[in-house]
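The following note comments on side-chain contacts, point by point. Please read it alongside the sequence and the model.

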Amino acid sequence: MLDFMDYVQNAFYEASHWNRNNSYGTLTATSQALLDFSTPLGLRLHISSLSTPHFASSYTLTSTGLLSGSLSYLYTSLRLHSLPCATRYLPLPAFAPTSYRQLLPLRPPDPLWWWEIWHAGRRIDTRDALLYGRLYLPKSTLEALYVRRLNPTSQLKISAVSDSRLPNGGSMLALLAQDKGKWSAEYMYSTDSALLGARGLYNFGPDPRAPESGMRSRAEEDVTAAGMALNTSSREMRARGYRATASEQVSRFSAGAEVYYGLLNKSGGMSTGVRFATLPAHTGFPYTMTLTLNPLMGNLSSSYSVKAGEMLSLSSRFDFNVYSYESEVVMGMELWKVKEGSGSGVDERRQHIGTIRAEETKEAGNEGRVVGGIDEERHEDGDMAGCLKARIDQRGSVGLLWEGRVKELVYSCGASIDLRGGKDMISGVGLEVQYSS
């Protein structure tokens, strides 16, 4: 289940037009979501709120035999006033998003002049930023995150953790990312072992930045004219997928690699991988295939994920080590259930979300901002009653997770089961409950 703070951070990335899927770090995101999901342990309660358009808070209480908790606060320079956040109105997939990530056609980076805001002959625009902090009690562990958009193609992300039990009292990681549409690159540095690293991803096929024989300029004029007619900026029209000349690509092949080296421990590593995925224009079942290789460790991993239906996703993964000849096979699934007889509840949520979307359009005309967070098309046919996730490997280890809703609460419950038997056949049973306003 998606944490409320992660939900707000995703809205920040969408509002600032940052494509999280165009990165080597998310090459295997679909198979990981379907096969490596975590099950709750013990009892956990989240209470969250977006108290102001720029400020969010969340409080967590956990009981696993010992009582613990955390306090989280988030600030963003973007106005999130129109971001739906109340669990009463949000569709269930907002907090339990579908595991299968449908890739969208690449879009060119925003022109620099789209980021300019002028007033009385002076530029008054600023760069979007996000600050996040979380304090764990009673261990007094502190986590911090700083994200800043530098320009339409780059973003700086700094994360840190402070804990007296860690070497040097904590560590910090700095990540500078670039997204050119056709390719992306990330450069990182960690104070842990003075680690330096770089990774990149290249997408084969048409370059979204290339002009299309003069038709692009005319199409962009139409986009701008349509935006002015709707009191909507051209930046927003592009963000919402209004592409007059978008090519009907049915698939995309991507390749990437990463390399890192620790200056203190004199050790390094590398990996490489490829991905083939279908795009929305594909007429058959959406599917994604990945192949990754770590040549130093000898690990080879291949996965295949398919969206077999509107409510069903399947995935399998095969891991093999060329040095030890050890292998592992994992299979998983995700099945959604539609709530029957929920028309009134769905209509109420749609009315609430429609009001929010109207506020977004009005604010976009004044600020040129887009705030997202809900995939309306996915929920047009009705509300979701719940989602079942399951996985099994060749050793007989089974993981089960159910995510659902009760009144104004969103919950998830799950367990880990060992089919080989023994006194610890069932372990890791837990329940997680979330409420936000």
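Does Tyr 73 count as buried, partly exposed or exposed? The model is a predicted one, and in it Tyr 73 counts as partly exposed, at 35% relative accessibility.

1. Aromatic pairs. The count of aromatic pairs comes to 11. One of them joins Phe 55 and Tyr 73: the ring centres are 5.9 Å apart and the planes stand at 25°, so this pair is stacked. Because Phe 55 belongs to strand 2 (residues 55-63) and Tyr 73 to strand 3 (residues 67-76), the contact ties together parts that are 18 residues apart in sequence. Phe 55, with a relative accessible area of 30%, is partly exposed.

2. An edge-to-face pair. For Tyr 202 and Phe 204 the planes meet at 85° and the ring centres are 5.0 Å apart, so the pair is edge-to-face. Tyr 202 is partly exposed at 37% relative accessibility, and Phe 204 is partly exposed at 41%.

3. Further ring contacts. Phe 4, Tyr 7 and Phe 95 form a cluster linked by ring pairs. A charged side chain also meets a ring: Arg 391 lies over the face of Phe 37, at 4.4 Å from the ring centre.

4. Side chains of opposite charge can pair when their charged atoms come close. Across the whole structure, 11 salt bridges are found. In one of them, Asp 36 pairs with Arg 317, and their closest N and O atoms are 3.0 Å apart. This bridge links distant parts of the chain, 281 residues apart: Asp 36 is in the loop between helix 2 (29-35) and strand 1 (42-52), whereas Arg 317 is in strand 16 (residues 312-321). Asp 36 is partly exposed, with a relative accessible area of 41%, but Arg 317 counts as buried at 14% relative accessibility.

5. Two further bridges. Glu 258 and Arg 199 form a salt bridge at 4.0 Å, N to O. The two residues are 59 residues apart, with Glu 258 in strand 12 (residues 251-262) and Arg 199 in strand 11 (residues 195-203). Glu 258 is partly exposed at 22% relative accessibility, and Arg 199 is partly exposed at 21%. Asp 207 forms a salt bridge with Arg 209, where the closest N and O atoms are 3.1 Å apart. Here Asp 207 has a relative accessible area of 28% and is partly exposed; Arg 209, with 39%, is partly exposed. Elsewhere, salt bridges with shared partners join Asp 36, Arg 317 and Asp 319 into one network.

Definitions and conventions: Residues numbered from 1 in each chain as written. Predicted model: local features only at pLDDT ≥ 70, side-chain atom pairs only at ≥ 80, totals over all residues. Heavy atoms only, no water. Phe/Tyr/Trp six-rings, centres within 6.5 Å; stacked < 30°, edge-to-face > 60°. Helix = DSSP H or I, 4+ residues; strand = E, 2+ residues; numbered from the N terminus. Buried < 20%, exposed > 50% of the residue type's maximum accessible area, 1.4 Å probe, protein only. Lys NZ or Arg CZ within 6 Å of the ring centre and 35° of its normal. Salt bridge = Lys/Arg side-chain N within 4 Å of Asp/Glu carboxyl O.
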